[in-house]
Amino acid sequence: MGNTIEVKNLVKRYKDFVALDHFSMEVKEGEIFGLLGPNGSGKTTTINCILSLLEFDKGEIKVFGREMKPSSYDIKKDIGVVMQNVAVFDEMTVYENVDYFCGLYVKDKTIRKNYVEEAIEFVGLSDYKKFLPKKLSGGLLRRLNIACGIAHKPKLIFFDEPTVAVDPQSRNKILEGIVKLNEEGATIVYTSHYMEEVEQICTRILIMDNGRQVALGTKSELKKMIKKTETISAELPELKSSDLENLKKLPHVYETSYTDGELKLMYSGGNHNLVRVMEYLKDHNIMFGRVYTESPTLNDIFLEITGKTLRD
């Protein structure tokens, strides 16, 4: 498959501040591409540059194999954008909102009517066509925002934090809808601070920080880039300091913690780690409850790569 988006050596400065520092990325046709980074890492700047909403100082951007410019309306008509902040008209009904945004790209009234009906049905708002936005719950409002961004059937769709502040049911509905859009042929660029969402739906993931790419790959590939390979947790009502020191010395353990009756052992490599822990607990007559092992999550990967320092 070809590349839907190509960004090469992108530089964007705000006076002395470098927001994008020779940043590059490629989004393949037909994938759900996760774009992650801490606050201030350059995600929004990157998206605005790709959409030609923001001028940049250096670099090259191509969408659908063609150079992207502010006047590239032939390219923009095939792009959908669902931003974090809900952008609909309060004085217009659900149907009127979707029809308006679809009408920016589709002039034929018969075709547009079908597209609008399909978009409303797709996001599950068929029973709310005549409702004003202020009458909708947060989850329904988010779904209306999505319908407005996808009604014209774009080939490329940007989703920026589409599930912020919605309940689990609405979040699940939105994620299912995004996957379905992808299955129907749309290429997706997805940004979120909910790592479990990205891990659930994204084909490949790029992590950026300080305006640069710091990691790129599938979930499996990213997991191989970090030190942590396994975490073993055990519920222990009591644990002597001498036992904790001995557990720290087990093969491949690089970090431990014991808080509120829960022991955590962080491993880097090794086989049969859980077996060794169980044998130690039994051999030293240490009472224990649940013992389980976990592979690193995308959240673990993100924190190890970008650090735990708070960002503005």
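Lys153 lies over the face of Tyr115, at 5.1 Å from the ring centre. A charge counts as over a ring if NZ of Lys or CZ of Arg is within 6 Å of the ring centre and within 35 degrees of the ring normal. Lys12 sits over the face of Tyr14, at 4.9 Å from the ring centre.

The model is predicted: local features need pLDDT of at least 70, side-chain atom pairs count only at pLDDT 80 or more, and totals for chains, interfaces and linings use all residues. Residues are numbered from 1 along each chain as its sequence is written, and side-chain values use heavy atoms, without hydrogens and water.

Rings of Phe, Tyr and Trp (its six-membered ring) pair if their centres lie within 6.5 Å; planes under 30 degrees apart are stacked, over 60 edge-to-face, and the rest tilted. Phe89 lies in the loop between strand S6 (79–82) and helix H3 (94–103), and Tyr100 in helix H3, 11 residues apart. Helices (H or I, at least four residues) and strands (E, at least two) are DSSP runs, numbered from the N terminus. Tyr100 also pairs edge-to-face with Phe101, at 5.3 Å and 85 degrees. Phe89, Tyr100 and Phe101 form one aromatic cluster.

In helix H9 (residues 241–248), Asp243, Leu244 and Leu247 are buried. Buried means under 20% relative accessible area, exposed over 50%, and partly exposed in between (1.4 Å probe, protein chains only). Phe89 is partly exposed, at 29%, and Tyr100 is partly exposed, at 38%.
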